[in-house]
Amino acid sequence: MENVFAILLPIFTVAGLGLVFGFVLSFASKRFAPEINETEEKLFELLPGVNCGACGYAGCQAYGKAIIKSKEEINKCPVGGDELVGKIAKLMGVDASSALKQFAAVHCQGGKNTFSKAAYLGINTCAGEALTTPNRGACEWGCLGYGDCVKVCDFDAIHMSEDGYPVVDIDKCTACGKCVKACPRAVITLIPKTQKIYLGCRNPQKGKIVKDVCSHGCIGCRMCSLPKFTPSGKVKMKGNLPEIPSDWDDYEISVQKCPGKCFVVMEDIKTFSYETVSP
Amino acid sequence: MIFSRSKFKGGIHPKDHKEISRGSSILTSSPGEEVVIPLTQHIGAPATVTVKKGDHLNVGDIIGTPSGFVSSFIHSSVTGTVKDIDIFPHSSGKKILSVVITPDKDAEIKGSDNKEDISIENISSKDIIDNIQKAGIVGMGGASFPTHVKLLPPKGKKIDTLIINAAECEPYLTADETLIINNIDGIKLGAKLIQKAVNAKKIIIAIEDNKPNAIEKLKNASLSDAGIELNILPTRYPQGGEKQLIEAVLNKQVPSGGLPMDTSTLVQNIATSFAVYEAIYYKKPLIERLTTVTGDSLKKPGTYKVKIGTKLKDILREAGYDESSGSLVIMGGPMMGSPVLDLETPVIKATSGILVLDKIPMEQEYPCIRCGRCIFYCPIGLSTTEIPSAYNNNDIKQLQDLHVMDCIECGCCSYICPAGIPLVHYLKLAKVEIRKNARKQ
């Protein structure tokens, strides 16, 4: 009998304690429950959750909170794009102002097409060369070719081409803008995915200087701005470089005639074979 | 006279090669077909241009006025006509707005021999500083910080000691040495003027013991009658760094992030001291300086008196440089100087040397073996081994904790690294990252 008591006493003690704590906890969970915001929960589920920071916030949760609390605009997530804006708009009950889906365009086709007077010996990064050797006799505006942009990409969307300049995989690119910040020469910008063509050069110097340093540079010949080649007249010159509008359609003659071959047509890079470099 | 052991930590002993350009005489060079005078020759805001194309200028005419307190006047170094105002190559590697002047062919060389009769007792401190500012004088050791700013310490800071820096610790350079041999009286008066301007109690001229001729000259110059002490230091790079020199001479440490005035000290380069003398006694602005032109392959190496704005190709031609050799041309010393790609680059106020290197000692980079030599030889005492990885991980907080901003970029770590890691390059990049981060916040 004593043996049975010795077993039962701890069983009932522990069971009793469990019961008491159970009541306390269930009371506390009701009494001190945090306010669960259903919209917030749903919104977090909608956001992509990659925490790339392209919206300007610390992560997807921080952006979600900003949408709810400080009425942040809902089209700031480039990863989700239009689809996400639609979903958020439905959830939050606001107008779906369209977020233009963008991608990173590399405005340089230099790489091995450039000529340089001197070699750079130092840390093999673009930032390293840009700091200590602002000008090594090559193009001062173009890609340095060490792939700082390749290293920062979280989406494996940017690769070094065989010609020594980066090429963007448009399907994978989410326009998070990390490569734009990483490039010390500001060669990369974000442009709308609907754009069919962009200029692969940003050297605003005179034609002769450009020709001395690169075979694929814009020499400012103004041909693409002439009505003979662009009947719609959408291309305007700004200094020595043409300004390419996002809705330029009649570009075929200009692409053929361009002496520097400096236009990049989107259909071409979509079929580009990628040569991956290990960062 | 005090003989003391250098007290600062670390430092290296590179071979000095000063014998190549050592010589007592000053060689002269003519400015060539045109001179290019950049409007940025100092730390601080660029000067505002005051001339226009076609203007005729005399030697010493102002072509740029300071656009802020930390800025400087720029003067024309030749008599001639303004040909162009455009961007031109600069020793920093960037292209910077400059004034191009074509010198008159038959311009008579105005001798500035009329020394004014000024006694140091009568001239006021304010007059001295005003004249220094108007003469566009900047620190001529290489950093080119406007001198008048250094002479006006903020309220509450006092300057007891003036150190005249003649250490010239960079290998190859002999410009300061030659200046001492030729113009010791001017240096003495310049030092007294700076002392008067900041009301310092003591003047010390600090020199390294690898310049026997200059030391001899200083010893015979009866410095003690003028109340100037001479301090001969054992040679060690980077003794000529401001903070290292204070530690070596006075055994005082400048606090992290602080300035020499925190130890009640002012350090001025010996060439600055001479420029001050010329500015006050001859009313001559800073339009020419002594520059060492040196290198094994040069036919006529030596210390040249060059006009500010003279193109490197004109000076190198005079020194017998073979342009087809493809040798590396460095502006400044081999440790801290910067390579020049375009020989159209002009000499500026801070150009202490032009060095032609035929062989570039480049090592392949190997992984760090954790020997710690960079830490041992770092004059600041930074944990240099940690910095490359912290930079690669973009860890700003750790970089700040490692006191990267205290780095003086002397290059001892890169010089000594057995694995050939360009450590000073990492430090420079880390500094940029920290500044970028600070700007964001």
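A crossing of two helices is left-handed if the near helix is turned anticlockwise from the far one by less than a right angle, and right-handed if clockwise. In this predicted model, local features need pLDDT of at least 70 and side-chain atom pairs count only at pLDDT 80 or more, whereas totals for chains, interfaces and linings use all residues. Residues are numbered from 1 along each chain as its sequence is written, chains are lettered from A and ligands numbered from 1 in the order in which they are written, and side-chain values use heavy atoms, with hydrogens and water left out.

α3(B) passes α4(B) in a left-handed crossing. Helices are DSSP runs (H or I, at least four residues) numbered from the N terminus. Helix α4 covers residues 212-219 of chain B. The two axes come within 9 Å and cross at roughly 30°. Axes are lines fitted to C-alpha atoms over the stretch in contact, and angles run from 0 to 180 degrees between N-to-C directions. α3(B) is therefore roughly parallel to α4(B) (angles under 35 degrees; over 145 is roughly antiparallel, 65 to 115 roughly perpendicular, the rest oblique). Glu177(B), Ile180(B), Ile181(B) and Ile184(B) of α3(B) contact Asn213(B), Ala214(B), Lys217(B) and Leu218(B) of α4(B). Contact means heavy atoms within 4.5 Å. By class, the residues are 5 nonpolar, 1 polar and 2 charged. Ala, Val, Leu, Ile, Met, Phe, Trp, Tyr, Cys and Pro count as nonpolar, Asp, Glu, Lys and Arg as charged, and the others, Gly among them, as polar.

α3(B) (residues 175-198) also meets α1(B) (residues 125-134). Their axes come within 8 Å and cross at roughly 120°. The pair is therefore oblique. This crossing is left-handed. Ser125(B), Ile128(B) and Ile129(B) face Leu193(B), Lys196(B) and Ala197(B) in the contact. Here the classes are 4 nonpolar, 1 polar and 1 charged.

Chain B is assigned domain 1 (2-22 + 113-282) and domain 2 (373-440); the bounds come from an automatic or database domain assignment. Their C-alpha centres lie 29 Å apart. About 950 Å² is buried between them, 57% of it from carbon and sulfur atoms. Buried area is the accessible area (1.4 Å probe) that two parts lose on being put together, summed over both. Lys9(B), Ile12(B) and Gln244(B) supply 48% of the domain 1 share, more than any other three residues.

Chain A is divided into domain 1 (38-98) and domain 2 (102-270). Each domain gives 5 residues to the contact. The buried area is about 410 Å², 68% of it on carbon and sulfur atoms.

Notes:
Helix = DSSP H or I, 4+ residues; strand = E, 2+ residues; numbered from the N terminus.
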